[in-house]
Amino acid sequence: LVDGPTYDCSTRKCRKYTPEIDALLEKILEDEDTKTKELGDGHKQKLTQVQIHSLIVNEGYDIGRSTIQAHINEKRNRHKEAYIKQEYEFGERFEYDFGEVKLMIGDKKKKFYIAVIGSPAARFRWAYLYETSKMDVFLESHVRFFEMIGGCYKEGVYDNMRNVVSKFIGRNEKELNPNLIRLATYYGFSLNVTNCFSGNEKGFVESSVKWVRNSVFASRYRFESYEEAAEYLEEKLKELNKDSLIEKEKEFLTPYMPPYQTAQISSNCVNKYSFITVDGNFYSVPDYLCEKSVVVKKTATAINVYYKDTHVASHKRIVNEK
């Protein structure tokens, strides 16, 4: 007698939300999806839930707004994409990305690029600081990483950066850069390029770029030279990777390959002042080579000069300001 009344509503059926209303709501939401595809995700002409309810009422249906809102939320949540954290075996996959960092070199602000390669299985991150993001830098960073780690992985994962994709053919087909294909063929790893705007498909390295940039250069950004900044990055990475499983993963890598040759080879004539010109910059050579032809080996960071198979000069490569 003192207990309150109880109601079993578990088997109660919708009385006002009929199949006809459900079909109408589906049609309105499909039209909204079509509008978004045509106008883009950022358009500001989306129907609100109040407007959708008004459209249904105007069709002659007697239905409450809260009921319609509940069904809208149910339908929209049904189509949301789910992300599942992936687990990888040792030696299976590396992920590659580029990031920017701004540093003060002396009293001058300069923009640099961090090539970041991550191993999601070992929770290991490697990075190298470059002054450009050109193709020779892109290739050399791979060689540096494979040399450091003493082997290679089965698969490399990239986004749609220009050093990876030469051009798009239609909406889904991509023509990969032949330089990257040759590099992958030499080291024996397969190429996996993510879908456009899908950084989650290589989420470990996407977060690694931010992690490296903030962990290394947030507390210190002033250096006397590029070399000092690069050395600082290397030392900090040793500290940050101390708990990784990279030493265990090395046992599962594919066999070591000698360094892939990324240098560009060309002939150059020495002028009467004992200089050669490479990319608009002058580099000195021994004066006995004046007006003679030499072989120039250009890498991402250095210029090496040879005469009759003899190494005669080395210089740090000059990077022209943009």
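1. Phe94 is buried, at a relative accessible area of 0%. The model is a predicted one, and that applies to each point below. Tyr153 likewise counts as buried, because its relative accessibility is 0%.

2. The structure contains 26 aromatic pairs. One of them joins Phe94 and Tyr153: the ring centres are 5.9 Å apart and the planes stand at 65 degrees, so the pair is edge-to-face. Planes over 60 degrees apart are needed for that label. Phe94 belongs to strand β1 (residues 93–105), while Tyr153 sits in the loop between α4 and β4 (155–158), so the pair links parts that are 59 residues apart in sequence.

3. A second pair to look at is Phe112 with Tyr226. Their ring centres lie 5.9 Å apart and their planes make 20 degrees, so this pair is stacked; the cut-off for stacking is under 30 degrees. Phe112 is part of strand β2 (residues 108–119) and Tyr226 is part of helix α7 (residues 226–240), so the pair ties together parts 114 residues apart in sequence. Phe112 and Tyr226 are both buried.

4. Helix α1 (residues 19–39) and helix α2 (residues 49–58) have axes that come within 11 Å and cross at roughly 135 degrees. The two helices are therefore oblique to each other. Antiparallel would need an angle over 145 degrees. The crossing of α1 past α2 is right-handed.

5. Which residues make the contact of α1 and α2? From α1 they are Ile21, Leu24, Leu25, Ile28 and Leu29, and from α2 they are Ile52, Leu55 and Ile56. By class, this contact has eight nonpolar residues, no polar and no charged.

6. Helix α5 (residues 178–187) packs with α4 at an angle of about 15 degrees, the axes being 11 Å apart. That makes α4 roughly parallel to α5, a term that covers angles under 35 degrees. The α4 and α5 crossing is right-handed.

7. On the α4 side, the contact with α5 is made by Met135, Phe138, Leu139, His142, Val143 and Phe146. On the α5 side, Asn179, Leu180, Leu183 and Tyr187 take part. The residues of this contact divide into eight nonpolar, two polar and no charged.

8. Ser141 is also a residue of helix α4 (residues 135–149). Is Ser141 buried or exposed? Its relative accessibility is 0%, so Ser141 counts as buried. Apart from neighbours within four places in sequence, Ser141 contacts Tyr96, Ala115, Ile117, Trp126 and Tyr130.

9. Two non-glycine residues with positive phi deserve a check against the model. Ser274 has a phi near 70 degrees, which is positive in a residue other than glycine. Ser274 is placed in the loop between β9 (264–269) and β10 (275–278). With 8% relative accessibility, Ser274 counts as buried, the limit for that being under 20%.

10. Glu291 is the other case: its phi is positive, about 65 degrees, although Glu291 is not a glycine. Glu291 lies in the loop between β11 (281–284) and β12 (293–298). Its relative accessibility is 62%, so Glu291 counts as exposed, whereas Ser274 is buried.

Methods: Residues numbered from 1 in each chain as written. Predicted model: local features only at pLDDT ≥ 70, side-chain atom pairs only at ≥ 80, totals over all residues. Heavy atoms only, no water. Axes fitted to C-alpha atoms, helices over the stretch in contact; angles between N-to-C directions. Helix = DSSP H or I, 4+ residues; strand = E, 2+ residues; numbered from the N terminus. Parallel < 35°, antiparallel > 145°, perpendicular 65-115°, else oblique. Left-handed = near helix turned anticlockwise from the far one by under 90°. Contact = heavy atoms within 4.5 Å. Nonpolar A, V, L, I, M, F, W, Y, C, P; charged D, E, K, R; others polar. Buried < 20%, exposed > 50% of the residue type's maximum accessible area, 1.4 Å probe, protein only. Phe/Tyr/Trp six-rings, centres within 6.5 Å; stacked < 30°, edge-to-face > 60°.
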